[in-house]
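Biologist: I would like to learn how to read a sheet in a model like this one. Could you take me through it step by step?

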Amino acid sequence: MNASRAPRFASVVLDVDSTLSGIEGIDWLATLRGPEVSAAVADLTDRAMRGAIALDAVFGERLALVRPSRREVAALTAAYEACVAPGAADAVRLLRAAGVRVVAVSGGLREAVAPFVASLGVPDADVHAVGVTFDAAGEFAGFDEASPLATAVGKRTLVESLDLPAPVLAVGDGATDLAIRPVVAAFGAFTGFVKRDAVVAGADYLIPDFSHLLDLVLR
């Protein structure tokens, strides 16, 4: 890497599910409820990430089917860590060392996402996801229904509100990530785990792994 050259982007916005980690968090939780619930939730997730249906229409439906407990959400953090994308931690470290602002923006559950992303070196203040609540027994009590990240275009709304140092590169695998494109300088379709044709078609860059992300930003 050319240390004398300024990074091509001042900020990088990263998706989490199927980008920083190889799993879809709510889908993973659904596997704990048996094959029927797992298949139904996975289908809803896939259709939302392809843009076939709006995330708004299925976010609450998926959580109503799964109703994860506090213990299960903690287990999801471990699952994220076990399936971390190769090179992700090094990429975050090198980007931040070069002065690039790295932000994680996820439609996943904050209580599982935040500890995982923190382990990669992203400060908690730069981790954005959907909060969930539990009752005194640790059972599911609801989610933050006001969160923009539970909607199809909410990532765009959130990223725009962050007023990140420009130029900004957004990276992700789904339609909700592509929706950020109008408010950033460029969008990279991450294909290391899943390749969605509609997302690739709308991307400025194809990013198959984190070494390619480093090359794009720092070289």
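Predicted model: local features only at pLDDT ≥ 70, side-chain atom pairs only at ≥ 80, totals over all residues.

Modeller: Let us start with the term itself: two strands pair if DSSP finds at least two bridges between them.

Biologist: How many bridges join E1 to E2, and which residue stands opposite valine 13?

Modeller: E1 and E2 run parallel and are joined by four bridges, and within this pair valine 13 stands opposite valine 103 in E2. E1 also pairs in the parallel sense with strand E6 (residues 168-172), over four bridges, where valine 12 stands opposite leucine 169 in E6.

Biologist: And over how many bridges do E2 and E3 pair?

Modeller: Strand E2 (residues 101-109) pairs with E3 over three bridges, in the parallel sense, and alanine 104 of this pair stands opposite valine 127 in E3.

Biologist: Which way do the side chains of strand E1 point, and are they buried or exposed?

Modeller: The general idea is that side chains in a regular strand alternate between the two faces of the sheet. In strand E1 (residues 11-14), Ser11 and Val13 point one way, whereas Val12 and Leu14 point the other way. All of these residues are buried, a label that here requires under 20% relative accessible area.

Note on methods. Residues numbered from 1 in each chain as written. Heavy atoms only, no water. Helix = DSSP H or I, 4+ residues; strand = E, 2+ residues; numbered from the N terminus. Buried < 20%, exposed > 50% of the residue type's maximum accessible area, 1.4 Å probe, protein only.
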